[in-house]
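Subject: Structure handover

Dear colleague,

Please find below the structure I promised to pass on to you, together with its sequence. My notes on what was found follow directly after it.

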Amino acid sequence: MENHLHLIASSPNLSKEIANFKSFTARATVDWLKTNQSRYWLNQLAIHKQSYKTDQQYQMWQEGAHPQAILDWKMFQQKLAYIHNNPVQRGYVDDPSHWRYSSYRNYAGQEGILLIDWLEAK
């Protein structure tokens with residue numbers, strides 16, 4: 001989505017992995033924006049930086065996350081359906097398979113652009 005991310009993930013230290021993901025994607029995005037001289041977006045990242053964050057110039061991600069434990073297969077299916085239908089509910093596409101960055105196509109047996117770890121997902 002344009003302003004948030006939903007994902008299903010598993011890790012022995014999920015908090016650390018999410019922090020690593022946020023750090024990597026923020027650094028890569030800022031580097032890309034600098035390379036492409038996207039001053040408007042760099043300015044937006046600077047304006048919305050928390051004032052107490054004195055060790056950095058930009059802030060891309062909000063602090064924290066909202067993890068929910070997935071306790072069984074039924075709950076997994078419910079969360080996956082919510083994620084896949086989010087772009088439809090927001091009015092961006094009419095069908096979840098039309099959202100480019102969704103795993104919906106993978107689960108529907110179509111070619112997708114995201115790598116799915118089927119050993120963990122099934």
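The side chains of Glu-63 and Lys-53 meet in a salt bridge with an N to O distance of 3.1 Å, where a salt bridge is a side-chain nitrogen of Lys or Arg within 4 Å of a carboxyl oxygen of Asp or Glu. This pair links distant parts of the chain, since Glu-63 and Lys-53 are 10 residues apart and both sit in the loop between α2 (39-47) and α3. Glu-63 counts as partly exposed at 46% relative accessibility; buried means under 20% relative accessible area, exposed over 50%, and partly exposed in between, with a 1.4 Å probe and protein chains only.

Please keep in mind that this is a predicted model, in which local features need pLDDT of at least 70 and side-chain atom pairs count only at pLDDT 80 or more, while totals for chains, interfaces and linings use all residues. Residues are numbered from 1 along each chain as its sequence is written, and side-chain values use heavy atoms, with hydrogens and water left out.

The structure holds 2 salt bridges, and one of them joins the side chains of Asp-31 and Arg-27 at 2.7 Å, N to O. Asp-31 and Arg-27 are separated by about one helical turn because they lie 4 residues apart in helix α1. An α-helix has 3.6 residues a turn, so residues three or four places apart point the same way. Asp-31 is partly exposed at 35% relative accessible area, and Arg-27 is partly exposed at 45%.

As for the overall picture, the protein has 5 helices and 0 strands, which are DSSP runs (helices H or I, at least four residues; strands E, at least two) numbered from the N terminus. Buried residues make up 21% of the 122 residues, and the C-alpha trace spans about 45 × 35 × 25 Å along its principal axes.

Helix α3 (residues 73-89) has 17 residues and reaches 23 Å from its first C-alpha to its last, close to the 24 Å expected at 1.5 Å a residue, the expected span being 1.5 Å times one less than the number of residues. A kink of about 30 degrees lies at Ile-83, shortly before the proline Pro-87; the bend is the angle between axes fitted to the seven residues ending there and the seven starting there. Among the buried residues of α3 are Phe-76, Leu-80 and Ile-83. Just after α3, Gly-91 takes a positive phi of about 85 degrees.
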